[in-house]
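These are my notebook entries on a few local features that I looked up.

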Amino acid sequence: MRVGSVKMPIYGALIARFIFLLVLYSLLRLGFYLGNQSLFPNISTSQFSSIFLGGIKFDLSALLYINILYILLQILPFPFRYHVPYQKVAKWLFIVTNSVGIAANLIDIAYYKFTLKRTTGTVFSQFINEQNKWKLTVDFLLGYWYLLILFIFLIYLFIRLYDCIRLKNPMKRNARYYLSHTILFFAFAYLTVVGMRGGWRHSTRPITLSNAGEFVQSPNQMSIVLNTPFAIIRTLKAVSLKPVHYYDEATLQGIYNPIHLPHDTAAFKPLNVVFLIIESLGKEHVGALNRDLANGTYKGYTPFIDSLVENSYTFTHTYANGRKSIDALPSIISGIPSIREPFVLSTYSGNKTTSIAKLLADKGYETAFFHGAPNGSMGFSSYTKLAGIEHYYGKTEYNNDADFDGIWGIWDEPFMQFMAKTINTFHQPFFTAFFSLSSHHPFKVPAKYAGKFPRGPLEVQEPMGYTDMALRKFFETASRMPWFKQTLFVLCADHATVSYFPEYQTIPGAFSIPILFYYPGGNLKGKVDKLVQQIDIMPSVLSYLHYDKPYFAFGFNAFSPQTDNFVINNNDGTFSLYHGDYLLLNDGQVSTALYNLKEDRLTKHNLIKDEPIVLAKMETYLNAFIQQYNNRMIQDELTDHPIK
């Protein structure tokens, strides 16, 4: 037996080696922080602790990805895994793959100060065309020779510690042995998947870069929470935007400028603001917004929302900027649409951003977000923290699993009552946002409401009726509270969903949602013939409140009489741009279709060769948007000043 070595069962050895790796990654995180300390000022001891504890979640995920093959080799329930040649191959697989991870973390200790981000999967495309890769590598190693020495020392230590653990080879292999080790195989496989995803819940998306926001006070600190292998793995398929220069700066600002400046001298009006974001509420389901369907006989599935439409301000053409729930919050709360991929999953999710919550908090607003799912679901808690929202209320804060739907979270009806009562404890003015969940697959309603709501031809329509009822009861409760008449409510959907009528089985129909502005204390009513989208909500609300400072948002003020506004969304790389009566489709390089939606609602007649003037104008808007979007994302300029 070697000096200093210890014999362990194969599963114990696997766990012990992972614990060592987790300790090593925490030390590398400390080195990353100390090497770039001047870039992370004013981090308190408690914040530092939160960052390091949060980082373990990302370290575990990265290490499980890196070591997936090694884990499989160790947990296969067969005797050959104890053979010496087999374990030698496994050992060097473990050392080589983890050496790459260690090297990546060490490189970012030096490289971070140049990029202010962890290295991501785009590094491969970034350097693919370089002709002097080896010279760049040698120059880096010479310039940061101390990191090379540290790497060699860590790998030496890594090998010695690996050899300190030897495997116990069980000699008795009977049926009980094979049964227990088969069970352990599936248990370790399950735990590996859970660790890679960052959670076990049905509603939890695999963690990505933006989830680091849950553990920090400002976006730049996310780089301390993360580790470089995780950042690379999670962005291997990420879209890397390219800078474009269609127009000079003056021309660009004249066509499209996402910096909003105050235009009136009226005093700021500190109304409370409540956003109600309803899961899968396609415009098709709302009868009051579809008086022409089914020869004027269509009633829809949302009688309460119908009544709200009659007392609200809305528009003829209202659209989501994405097709997924994860796209909605940045669009609605920060005025940032997802282009080609969700913003919060992109390599740009750590950019400095603003939000309506941050801007109103500066005016003394208390801010909160309500979502009845388990905390962390959909990455919402991470995003809302980065968006500057002070309080998060989820399934944990609700604290009553009797109202759990068994899959997604707390049923909408009781959770919305909880929200109304919680809001009643806030000081005024306040900003809150609510995201519903009951109108989601598998499209169930509570047992006591079985058969109460019309089913319709689509499965989503029965639970939509339930959520509509939950909204009615929320407004009944809220209307008895002292803050109600001093509150501007905005109701919209996160995205549209499956459709039944041909009018909604089109590209415009696939993004059509209701957007309503309801102010019970004023006379904000009517319907205007205008294009409005989710990213317009933030600037529209701020305009209505007479917000008096410059701010950044990609959308437009829906209350403005301007006619040069447009709607933009992107699905699988294809842009849809709406302006006036027209819809333009463009693959990012070439325009492929042009439709007049006023005359051709079913988009059957491509006018791209027939309307050159309209086409040129819409391509101008699209190019201006792409230039602003790409360049600002790349340069981290999602703030209220011009791009460089």
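I located Pro442 in the loop between β8 and α18, a helix of residues 461–478. I note here that the model is predicted. Next I turned to Pro429, which sits in the loop between α17 (412–423) and β8 (430–435). The peptide bond from Gln428 to Pro429 is also cis, and I read its omega as near 0 degrees.

I looked up Ser280 and found its phi near 60 degrees, a positive value in a residue other than glycine. Ser280 belongs to the loop between β4 (272–278) and α12 (303–309). Is Ser280 buried or exposed? I recorded Ser280 as buried, because its relative accessibility is 5% and the cut-off for buried is under 20%.

I placed Asn295 in the loop between β4 and α12. Its phi is near 55 degrees, again positive in a residue other than glycine. Asn295 is exposed, because its relative accessible area is 79% and exposed means over 50%.

Which residues form the nonpolar patch on the surface? I listed Ile15, Ile19, Val23, Leu27, Leu30 and Leu34, which together have about 530 Å² of accessible area. I followed up one of them, Ile15, and found it in helix α1, residues 10–35. With a relative accessible area of 44%, Ile15 is partly exposed.

Technical notes:
Residues are numbered from 1 along each chain as its sequence is written. This is a predicted model: local features need pLDDT of at least 70, side-chain atom pairs count only at pLDDT 80 or more; totals for chains, interfaces and linings use all residues. Side-chain values use heavy atoms; hydrogens and water are left out. Patches are made of residues with over 30% relative accessible area and no salt bridge: like charges are joined within 9 Å, nonpolar side chains (Val, Leu, Ile, Met, Phe, Trp, Tyr) within 5 Å. Accessible areas come from the Shrake-Rupley method with a 1.4 Å probe; for residues, only the protein chains shown count as cover. A salt bridge is a side-chain nitrogen of Lys or Arg within 4 Å of a carboxyl oxygen of Asp or Glu. Helices (H or I, at least four residues) and strands (E, at least two) are DSSP runs, numbered from the N terminus. Buried means under 20% relative accessible area, exposed over 50%, partly exposed in between (1.4 Å probe, protein chains only).
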